[in-house]
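Please keep the structure open while I talk.

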Amino acid sequence: MTDNYLGQDVLLGGLVPSRVAYVIAHGDEAGFRRAVRTASARWGGEGEPIVQLTPSGISAADRSVLTEARVEALVPIGLSPDQEASAEAGAGLRLVAAPRLSQDARTRHSYPLAAFTGGEGAMIAQSDGPLWQVAAAGDVAEQWIGDPSLPGLVRSMDGVIGVGQGHWGTLIARTGSQLGTSQIAFNDPLVLWFAGSDDPMPDCVAFWNLRALRYRGDGGGRVWLLPADEIDAWIGFADQLRNLLHLEGWRSVDAVLWSDKVGAERLHALAQSWGFVEGSSDLGCFGWLPPARVHVGDDERDLTYTVTNPVPRLTTAWDWVRSADFDAHLFDRSRVTHIRFNAPISLQGYGRALLQLSSRAFAGLPRELAVAQLLHPAATWRENWLQVPVRLAGEVSLEITLPTSSDALTAVLGGVTEQWELSSKGRVAAALPSEAGGLLLEPGLFTVLSELLTPRAKELLKELERTAREGADLSEQQLLAAAWGGRTRRRYRPVSALSGVREQTRRAAERLVALGWAERGFECVCARCGSSAFVAVEQTTARAVCPGCHVPAQYTDGNDGPVVHYRLNTFIDQAADQGVFPHLMAIATLREDDSTAFLLPGVDVCLTAGGGLKEADVLGLFRGELLAGEVKTSPGDFTAEQIEHDVAISSALGAAYHLMASVHSLSENSHALAEQACAARGLTLLARDGLINWRREEAAGAAPGQSSPWAALRRGIQTDRTPQGTRLTVPASKAAQIARLTSTAAQENPALAFVLTFGSGNVHLDIHHTADQTGTVEILLGAGI
């Protein structure tokens, strides 16, 4: 394979139709019939809801239906221009006229219907039949009867349509016959929705939308619409219903009866006339098996029913998809990646559909349109899926280009900035090894590096200000300026002059030498010229020679011979002086939580045309979202004004995460101010403080029982304060580990409440405790909170 080969991956590909919703005037039966006819000619039409426009607009309930249905567009049926404008504004969806559905790029990927139904015959409502027939079976305009593209359409009688809903026998059921989920239908009750003859419209619309949003099962349709006033005359219907419901399964009740307009007394009477007995009204959640359910399958047992509204338990937001996994060879952006697999549906001829792709190669990419179009010009994101329109002919074939993280960040920033570039710090950081930040998290390394840093003007100014506050006289400040201000030589020091435990400090200094960031040498002191200088080990001679006046000199001696000194190399000294390394350390902690993160240390951004540059200490992609933030060596630099300024920049960039990082621990007040500022702008705060001690517990080598077992998780834990106490967010990869620790902690700390929940990609542990119990929690976690 070539250098641009990224490896082989198992992708998941799903095919879905481009679904729409229809909007009609409130109570418009003719509009409802037209909407059903339009939906009946589309693949996935069974999943396309119908909402009503009232004089005050689209109701909150119907807006919820549109949200859960995840439709591509709104189709007005029989509305005036003013009504169309009202519907578009209320729904937040663009309008597409019904005649344009098969041509518009947003809605055309559902044709031709015969390609997906296999051209088999199907029942439809009688010509000008009752409204419940139209909603239950579907309908077409008369010119479609006998059309070869939709063969075998049969206008059927009431009873035939009633039972036919359970066997994919209706046309509207055929529009979704190759779509579904893994739910097992006969583990759910059969829902029987009833419409009255006086005012059938509310029940027909409610049933239509319930069916559009229901879970679909492999066992057939489980939501039926029936006429409450005519069903008594259907010969044999009760026997057919009982035969269907005696199928084996696990369910709490066999049938659920409901109607918005037909009274409960009539529904009870119908069920009891079929020999049903009233059972549990606790439906649980459709598609799952709560303990209340019992195994059924005995032909002699009594069938049970309940009269209760199934909508809250049966409807949910989900995509009608049929998927398959397949292998693909992935390449970087210099070469296209070919996607090819057999369509997971049976096709007659060709059809149009939307392909949804999932791959590890998409991990870390922002779900932004500009990024999707880097992969394919016509692509969009659908939740976490890449969605691309395709033409099908038995095989799915597509070419995509995989962008780099840098490409993705450029695309995202292109939409929120006029220009951006690496800052002076960012350019220095870019020249450092990518693992630099992680190395500096090693215990003692950053401390030694900081103390070997050559003092320069910035440090001199701070020191002069400090001595002035302490009342130093002019002569003392002149001495300080002479010692610091004119210094051009790099600082060098022995281990004895560095803070910390001597052996750990020595190891850290030697680690810097091994990395090539520092050099080892001796101090040469000249009695003639009075100067002292650093001489690298490889430049030493048997006898010390002054590098200035070139006369014999002496190496600084200790008890065991010449004292070893350490000095940073020129580039590392410059990088440390510019404050680059805390940025890299913060980035390293973020990459421990998200290996796909792409973060730049120091970026200048221009947000508006003609505006000035603003700097973000860290900017990039984290967990597939934009992150920006500020890093300080001293937590005291995070004043209220500074925090507000930093959060405002992150917000203006459209970031999802705001980073607040410090080498040393932040104060509770600073943390609270940052939380408030982020909450006000809808940002998630990521606090990374105490970087200098990030791996202290790991390096300490404490025996079991001498440090908290939670310390091993410290690098992967995000700790947040909540009104109830403390929340820990841990990557899902550590779910088993934190579950074991939580179980043990709950037994050992009965005064604390532990709540463990599993989210998307993360595990959340909420520890409920009072302020007085904070110390107990800190001891448990082995870290401050």
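Ring pairs link W132, F194, W234, F237, W274 and F276 into a cluster, where rings of Phe, Tyr and Trp, taking the six-membered ring of Trp, pair if their centres lie within 6.5 Å, and where planes under 30 degrees apart count as stacked, over 60 as edge-to-face and the rest as tilted. Before I go further, please note that this is a predicted model, in which local features need pLDDT of at least 70 and side-chain atom pairs count only at pLDDT 80 or more, while totals for chains, interfaces and linings use all residues. Residues are numbered from 1 along each chain as its sequence is written, and side-chain values use heavy atoms, with hydrogens and water left out.

The structure holds 13 aromatic pairs. In one of them, the ring centres of F237 and W274 are 5.7 Å apart with the planes at 65°, so this pair is edge-to-face. The two partners come from distant parts of the chain, 37 residues apart, with F237 in helix α9 (residues 237-245) and W274 in the loop between α10 (264-273) and β12 (277-278); helices here are DSSP runs of H or I with at least four residues, strands are runs of E with at least two, and both are numbered from the N terminus. F237 counts as buried at 3% relative accessibility, and W274 does too at 7%, since buried means under 20% relative accessible area, exposed over 50% and partly exposed in between, with a 1.4 Å probe and protein chains only.

For a second pair, the rings of Y492 and F534 have centres 5.6 Å apart and planes at 45°, so we call it tilted. Y492 sits in strand β22 (residues 492-494) and F534 in strand β24 (residues 532-536), 42 residues apart.

Now to the cores, each a set of buried Ala, Val, Leu, Ile, Met, Phe, Trp, Tyr and Cys residues joined through side-chain atoms within 4.5 Å. Which residues have the most contacts inside the largest nonpolar core? They are F32, F194 and W274, in a core of 61 residues. Apart from that core lies another, of 54 residues, among them A115, L330, W381 and L398.
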